[in-house]
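This briefing goes through a structure by topic. Please look over the sequence and the model before reading on.

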Amino acid sequence: MTSPVRPGTGTPRGRSVQVEPCPEGPVLVRGAEVVLDADGHEHEVTRPVVALCTCGRTQRDPWCDGTHKFVRD
Amino acid sequence: MAVVDHGYTCVAHRCKDPAVPHSLCWGAMRLPRPRGPLSALTATSLISAVGPSTDRFLVELDGLAPSCDVIVNDDFQLSLWMLYELHYRGFDDVDPELEWDPRVLACRRLLERRFEHELRFRTEAPAQKARKQAHQVQNQQPADTLAQQLGWLIEHMEGPRLAPYLQREATREEMLEFLAVRSVYHLKESDPHSFVLPRLDGGAKVALAELQYDEYGAGRVPRLHQTLYGDALEAAGLDRSYGAYVEHTPGSTLATSNVMSLLCLHQRHRGAALGHLAAFEATSSAPCRKIAAGIDRLGFPDAVAAYWREHVEADAVHEQVAIRDLCGRLVTDAPRLHDDVLFGAACCLYLDALAATHLLDGWQAGRRTPVGAGR
């Protein structure tokens with residue numbers, strides 16, 4: 001997981017970004033407002049929890065699209 | 001077949017007045033046309049002053065042929081759908097008091113028992129095999145064991161290749177039929193699971209609330225998934241009114257919606273309701289991507305595929321939350337619900353496969369249900 005995430009400025013004081021890695025799956029992120037991809041592009045977070053791709057095969061980078069389940073290394 | 005004539009022709013409110021917002025139409029649904037003696041009895045029971053009688057329901061249920069498969073039977077599933085719908089938007093021509101009328105609930109219970117009995121019978125073998133997967137790993141956490149078993153069920157109960165067919169081969173008429181019959185659920189998407197929230201505690205409740213918030217638009221009215229589906233129907237030239245295509249919907253597809261009501265309206269089924277949700281979310285992301293591609297291939301407006309594209313991303317998240325946080329926390333806190341979760345997941349996979357098979361077989365045999373689109 002290389003995408004840096006930025007905490008939401010509108011979130012209550014003391015609230016941090018919560019990161020939850022899923023085994024053989026994406027990383028779930030809660031509390032972020034913006035995700036930066038590898039090229040430095042900003043992606044706005046529009047849902048309460050987002051899944052970031054960790055397999056590098058997604059077609060909706062930086063978001064997970066479930067493709068990891070079909071990748072057999 | 002004794003079909004009762006109710007003296008009206010439409011199955012749902014067809015609000016053609018552009019001045020009336022669609023959000024105001026949703027309650028204006030009327031009882032659908034019956035499709036056999038049981039649904040005729042159900043419909044007349046709901047509009048007559050006498051009310052329903054379990055004795056008459058038992059007679060009709062006993063009258064079903066021994067070979068009758070209630071899971072795919074149009075008459076049976078439509079009856080159950082009418083009785084469940086009293087708990088959602090109701091019908092314009094039915095007294096809303098009947099929602100909690102003990103006679104209505106007793107009749108619904110008779111149908112539910114048949115439905116549940118069949119579901120238990122048909123999911124027993126795969127659920128049992130899934131349970132055996134756990135014994136191969138020592139000292140596993142309950143949540144990890146469950147995730148492994150759910151993964152096994154999803155892999156082994158995979159349905160026919162409906163999504164790839166829609167992606168590459170479906171005709172415009174077949175795609176419209178698919179969109180129309182799926183509207184029975186997607187226009188009330190996630191509503192059954194809202195009934196489960198007060199039946200949960202702690203971590204599982206937090207996880208379900210997080211999923212529902214996303215399904216309900218995360219604070220943005222136009223992003224309500226039900227509305228997105230209505231937008232998709234409208235852009236495809238179809239009717240977005242709630243219940244508009246119930247008349248066109250086969251029993252096997254009605255069953256995929258009815259099973260959610262069965263599991264979500266009973267507190268004792270809360271584990272199964274969450275298992276169903278987990279299986280549903282975990283088998284959604286990749287098919288939605290293919291369906292969106294098929295919609296693009298057929299040249300529909302962008303709003304039609306937008307609903308499915310939203311679900312590629314949303315359900316990749318929901319899959320993880322539903323399996324790990326929702327079901328995982330549930331069985332950690334209440335280990336006795338483990339088998340219920342597997343039962344619910346197996347119900348979802350079994351019925352989805354059956355409904356998909358029915359659609360594909362029908363198309364292959366040249367059976368098409370025109371849904372009157374092409375605005």
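**Cavities, chain contacts and backbone**

The second largest cavity has a volume of about 30 Å³, where a volume is the space filled by probe spheres set on grid points that are joined across faces, edges and corners. A cavity is a set of points on a 1 Å grid over the protein atoms alone where a 1.4 Å probe fits but cannot get out, and lining residues have an atom within 4 Å of a point. This is a predicted model, in which local features need pLDDT of at least 70, side-chain atom pairs count only at pLDDT 80 or more, and totals for chains, interfaces and linings use all residues. Residues are numbered from 1 along each chain as its sequence is written, chains are lettered from A in the order in which they are written, and side-chain values use heavy atoms, with hydrogens and water left out.

**Second largest cavity**

- Trp81(B), Glu85(B), Ser183(B), Val184(B), Tyr242(B), Gly243(B) and Val246(B) form the lining of the second largest cavity.
- Two elements of chain B, α3 (74–85) and α7 (172–186), each give two or more residues to this lining; helices (H or I, at least four residues) and strands (E, at least two) are DSSP runs, numbered from the N terminus.
- By class, this lining has 4 nonpolar, 2 polar and 1 charged residues. Ala, Val, Leu, Ile, Met, Phe, Trp, Tyr, Cys and Pro count as nonpolar, Asp, Glu, Lys and Arg as charged, and the others, Gly among them, as polar.

**Largest cavity**

- There are 2 cavities of 30 Å³ or more, and the largest has a volume of about 50 Å³.
- Residues of chain A line the largest cavity, among them Cys53(A), Cys55(A), Cys64(A), Asp65(A) and His68(A).
- The lining of the largest cavity divides into 4 nonpolar, 6 polar and 1 charged residues.

**Contact between chains B and A**

- In chain B, 21 residues are in contact with 23 residues of chain A, contact meaning heavy atoms within 4.5 Å.
- About 1,800 Å² is buried between the two chains, and carbon and sulfur atoms give 47% of that area. Buried area is the accessible area (1.4 Å probe) that two parts lose on being put together, summed over both.
- Between chain B and chain A, 13 residue pairs are in polar contact, both residues being at pLDDT 80 or more. A polar contact is a pair of N or O atoms within 3.5 Å; within protein, one must be able to donate a hydrogen and the other to accept it, and residues adjacent in sequence count only if both atoms are side-chain atoms.
- On the side of chain B that touches chain A, α9 (202–215), α13 (285–297) and α14 (302–333) each give two or more residues.
- The most come from α14(B), with 12 residues.
- That side of chain B has 9 nonpolar, 2 polar and 10 charged residues.

**Salt bridges**

- Over all chains the count is 28 salt bridges, each a side-chain nitrogen of Lys or Arg within 4 Å of a carboxyl oxygen of Asp or Glu.
- Glu210(B) and Arg30(A) form a salt bridge at 2.6 Å, N to O. Glu210(B) lies in helix α9 of chain B and Arg30(A) in strand β3 (residues 27–30) of chain A, so this pair joins two chains.
- Between chain B and chain A there are 9 salt bridges.
- In the salt bridge of Arg324(B) with Glu20(A), the closest N and O atoms are 3.0 Å apart.

**Backbone of chain A**

- Asp61(A) and Pro62(A) are joined by a cis peptide bond, with omega about 5 degrees.
- Pro62(A) is in the segment after β6 (49–52) of chain A.
- Glu24(A), a residue other than glycine, has a positive phi near 55 degrees.
- Glu24(A) sits in the loop between β2 (18–21) and β3 of chain A.

Key: On a 1 Å grid over the protein atoms alone, a cavity is a set of points where a 1.4 Å probe fits but cannot get out, and a pocket is an open set with protein on both sides within 12 Å along at least five of seven lines; lining residues have an atom within 4 Å of a point.
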